[in-house]
Amino acid sequence: MINDLWYKNAVIYCLSVETFQDSNGDGVGDFPGLMRRLDYLHGMGIDAIWLMPFQASPGKDDGYDISNYYDIDPRFGTLGDFVEFTHAAKQRGIRVLIDIVVNHTSDQHPWFQSARSDPNSPYRDWYVWSKTKPKDADQGMVFPGVQESTWTLDDKAGEYYFHRFYKFQPDLNTANPEVQAEILKIMGFWIQLGVNGFRMDAVPFVIADKGADEQKPQQQYDLLRWFRALLQWRKGDAVILAEANVPPKQNLQYFGDDGDRMHMMFNFQVNQTLFYALASADTKPLIKALDETRARPDTAQWGTFLRNHDELDLGRLTEAQRKLVFDHFGPDPDMQLYERGIRRRLAPMLGGDRRRLELAYSLMLSMPGTPVLRYGDEIGMGDDLSLPERNGARTPMQWSDEPQGGFSRSDKTVLPVISEGPYGFAHVNVASQRRDPNSFLNWTERMIRMRREAPEIGWGAYSVVETGEKDVLAMRYDWRNNSVLLLHNLCDYPHKIALDLKMGEIGLRLIDIADGGHSQAEDDGRHHILLEPYGYRWYRIGGLDYILRRTEI
Ligand code: NOJ
């Protein structure tokens, strides 16, 4: 396959403009601020930025409630600032993906305002209505415990409207050809302003049949083909990264058998079992999840991640597994959310233990797919659980030990900067970690470089190598005459493992990519390797001259 598929061996960094860097002292992050931090991101070695929603919005769901798709929230700057930003990113070789949120609009969107005011409005059929309250109105809520219903009576319309999410997010009727055309227009607009693709929000709901009579809504997968076709015509290297938390057997429907639908999907199955593995040291469910999500067309790619801006959703684990993860990482009911997840950041979940943080990141970076990092995790930022729901893990970036962590000159920031305790900005910030060669930030940078120099992971095929220990994961990737072997010990005591790489060669060397140490096969033809508690190794099989062995197409 041609090398042009940039997303196959990329590292993506997700951030919210609102909480990244404020440039004008109003307490809210903005595009000029983000531009000043581009060299930081460039230095970290990332390939693409994924921007959370920044369009005009009442901001009741952190921007996932859009009131104008063709303008940006004035608090973040102007469209001119946006284009300056995409240009500046391009100059540094960084691609820009943006969220596209078209399952629903804000209830303040002029389309909805028009639709509710007049049954003959041209926008009436852009939403989903019912004259009577549907029988299943109290089912299918995405935010159980907070959201009460999926159908709400609108006083003005005198009818119920459907909303898969909060009631201020009425669902668009995506079966309506006018709505479909508008979605393509929105994508075309942002592509023209310099973006390289989209993280598509809530894809299974975007393409589902909607309506009061829908007993078993079907998915209209053709829509995905149209989205992709538009991208490919307008900008050949643009991609869609789908948020589709669906059971593994549905994945191929989203990628398309011929790879003609979504380029990428987040791997929620691997995410949840990875956290289970970190909690229990049992790698079996993770290995199963890897196997269940193995099949995908050649051009398709997983997005692998640890934490994102939402709760850590554990809904696909068994009850016993979920309980174990809760017990380890979110025992307090206040740490849990929506009856299925944990609303904490990664570092506090792992007790701030550097060994476990490195293990978690190393594991995530070695999963098949393209890693998606979340801002602040590279310095081990914490959370503020006094903030409601998911906001606890959305606090501003901590740049220095100056007031407000260097995020803003204002002391009234959009969300409070973490200032107390071990995760306060005085202790956890970019400036001090940049000066310390052993900091987590510098470790993360080295790991990103190492990951990018192991394209076998992004492009190749993996196999699990037998270690005889359920708490040690050994994965091998092969691609274009090169191979890497990645070892992870998930438990808190050391493990000596014996690996048979079946290369039939006594004396075959494993070169440690991180520190240059190596392992030699012993007389029994096996490698005997001692892994320290939570230890990990990244080996290249055979030798360092992989660049010379590599074949390019
Ligand atoms: C998924 C997003 O990740 C989440 O933050 C948002 O609340 C919902 N979709 C609704 O747009």
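Mentor: A polar contact is a pair of N or O atoms within 3.5 Å. The model is predicted, and local features need pLDDT of at least 70, side-chain atom pairs pLDDT 80 or more, while totals for chains, interfaces and linings use all residues. Residues are numbered from 1 along each chain as its sequence is written, and side-chain values use heavy atoms, without hydrogens and water.

A polar side-chain atom of Asp61 lies 2.6 Å from an oxygen atom of the ligand. For His309, a polar side-chain atom is 2.8 Å from a ligand oxygen atom, and for Arg199 the corresponding distance is 3.0 Å.

Now the helices, which are DSSP runs of H or I with at least four residues. Helix H5 (residues 177-192) and helix H7 (residues 222-234) have axes (lines fitted to C-alpha atoms over the stretch in contact) that come within 10 Å and cross at roughly 30°. H5 and H7 are therefore roughly parallel, a term for angles under 35 degrees. Their crossing is right-handed, that is, the near helix is turned clockwise from the far one by less than a right angle. In H5, Gln180, Ile183, Leu184, Met187, Gly188 and Ile191 make the contact (heavy atoms within 4.5 Å) with Leu223, Trp226, Phe227, Leu230, Leu231 and Arg234 of H7. Of these residues, nine are nonpolar, two polar and one charged; Gly counts as polar.

Helix H9 (residues 268-280) and helix H10 (residues 284-292) pack at about 165°, with axes 8 Å apart. That makes H9 roughly antiparallel to H10, the term for angles over 145 degrees. The crossing of H9 and H10 is left-handed.

Methods. Axes fitted to C-alpha atoms, helices over the stretch in contact; angles between N-to-C directions. Helix = DSSP H or I, 4+ residues; strand = E, 2+ residues; numbered from the N terminus. Parallel < 35°, antiparallel > 145°, perpendicular 65-115°, else oblique. Polar contact = N/O pair within 3.5 Å; in protein donor to acceptor, adjacent residues only side chain to side chain.
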